[in-house]
Amino acid sequence: MPQKGQQHSIEKSQILQRKLYLAAKKNRNRRFHALYDRICRPDILWRAWIEVKKNKGSAGVDGITIDQVANGNVQKCLQEIQQELQQGTYKPQPVLRVYIPKADGTKRPLGIPTVKDRIIQQACKIIIEPIYEANFLETSFGFRPKKSATQAIKAIKETLVRGWWVVDLDISKYFDTIDHKILISLVKRRISDRNVLKLLKRWLKVGVIEDGQHTPSDIGSPQGGVISPLLANIYLHVLDAYWKENCEKIGEIFRYADDAVIICRTERQAIKALQIVEQIASRLKLTLHPDKTKIVNMNHEGFDFLGYHFHKMHSRRTGKLVPFAWPSTKAMNKVRSTIRDITSRNNLRKTMQEIVDELNPVIRGWRNYFSIGNSTKKFQDLDRYTRKRLIELLRIRLRKTRKRKRETCKHWLDKVTLEYFYPKGIYGI
């Protein structure tokens, strides 16, 4: 499709989204029934493909990659998808189960749909997301347009000025334990289009392929699917809405997907808040993680949330206890592990410039995310660690090549890092 045609398709889809959002906002109880035909529209499918391509990702069970689709006839592929949807012959394929390591040593299961299924899920999301966005509350920050983790961090830090007890919530295996019947009943509050509901049910029930074996899905929504984050937010909107209507005087809740914190003024409020959440979770057939869910007294301890560690400390200026936020131990260990892998002996064949180019986006992205906190000391620690790793790598190179330089490794390193690696002043040093 020509560039102008692409932009026109995106603009048309955005106009439709705006109309759906305004209609849903105007009447909070309206149920939408004529949505499936809009999912099948060429402009919607084209925008869905653009989004899927931008998000990248691996191939599903069919082995077809995004690059293979992009290098082929994309327009023909989208026409075939449209035809299948319109004729009712579309059937999703099982998702490919893979595992990624977590910070605690366990592995997180991910379900990777095929590229074709991801395009259709994205098209569906484009249409139905604005309807639910009209209902979602400002306290929900995860996987939403124009919402981010940094916004949640800032809001939490501001609220902690007047909050002294925190309920740190974590739902155990959330995506894997979502009840299908409850989820569909919640979806039906806003959508009555049978074909859309049938699509959602098929994606939920399609099952997974692991080690060549197909396992049907009776509960859960595969983490890794395009539509899954939206469905997860619809499910937990029950908690957000109930809290806004009945519990705002107890404390303020901030949620990012299945992680949430409730900031209260007193211990009694915190205990009450935890009891209420446990009751709501039970009704949703969810379980709070016994180890990660706890009540925190900010006078004596802190808590981790979205990679940050929140703690109250005495202000040098006023002497009062005020909230601070800096990278958590897990976040530090994770970035150190990435830097260690990039600067390992396995990369001796790469030039220093290639290694620096590989490190740059890691450091830059990490720094940008944590720059809104009180992170100067952690930045300095990371700076020293990175320089140490590079110095060790340089010394190994010099020994292997038997070269002798007049400059020391550190002097040469400083030349490289000042010019290519750390723009001056990034870490405040």
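Buried means under 20% relative accessible area, exposed means over 50%, and partly exposed lies in between, with a 1.4 Å probe and protein chains only. At 1% relative accessibility, C264 counts as buried. This is a predicted model, where local features need pLDDT of at least 70, side-chain atom pairs count only at pLDDT 80 or more, and totals for chains, interfaces and linings use all residues. Residues are numbered from 1 along each chain as its sequence is written, and side-chain values use heavy atoms, with hydrogens and water left out.

Start with the overall layout. The protein is divided into domain 1 (4–134 + 180–218), domain 2 (148–178 + 223–302 + 316–323) and domain 3 (326–415). These bounds come from an automatic or database domain assignment. The centres of domain 1 and domain 3, taken over C-alpha atoms, are 40 Å apart.

Now look between domains. The second largest pocket takes residues for its lining from both domain 1 and domain 2, so it lies between them. A pocket is found on a 1 Å grid over the protein atoms alone: it is an open set of points where a 1.4 Å probe fits, with protein on both sides within 12 Å along at least five of seven lines, and lining residues have an atom within 4 Å of a point. The space in this second largest pocket is about 450 Å³. That volume is the space filled by probe spheres set on the points, which are joined across faces, edges and corners.

What lines this pocket? The lining has 17 residues, and N135, R189, H237, A241 and E245 lie nearest the centre. Helix α11 (residues 228–246) gives the largest share, eight residues. Helices (H or I, at least four residues) and strands (E, at least two) are DSSP runs, numbered from the N terminus. By class, the lining holds eight nonpolar, four polar and five charged residues. Here Ala, Val, Leu, Ile, Met, Phe, Trp, Tyr, Cys and Pro count as nonpolar, Asp, Glu, Lys and Arg as charged, and the others, Gly among them, as polar.

Next comes helix α7 (residues 149–159). Its buried residues are A149, A152, I153, A155, I156 and T159. Their cover includes β6 (252–256), β7 (259–264), β9 (303–305), β10 (308–314) and α14 (352–370).

Strand β7 also holds I262. I262 is buried, with a relative accessible area of 0%. Leaving aside residues up to four places away in sequence, I262 touches W165, V166, V167, L169, W243, G251, E252, I253, A273 and V277. Contact means heavy atoms within 4.5 Å. I262 and V166 are 96 residues apart in sequence, yet 5.6 Å apart in space, C-alpha to C-alpha.

Two loops deserve a look. Most residues other than glycine have a negative phi. F143, in the loop between α6 (115–133) and α7, has a positive phi near 55°. F143 is partly exposed, with a relative accessible area of 42%. D211 sits in the loop between β4 (208–210) and β5 (213–215). Its phi is also positive, near 55°. At 73% relative accessibility, D211 counts as exposed.

Finally, the cysteines. How many disulfides does a search of the whole structure find? It finds zero. A disulfide is a pair of cysteine sulfur atoms within 2.5 Å. The sulfur of C264 is 10 Å from the closest cysteine sulfur, in C247, too far for a bond. For C77, the closest cysteine sulfur is in C40, 14 Å away, also too far for a bond. C77 is partly exposed, with a relative accessible area of 22%.
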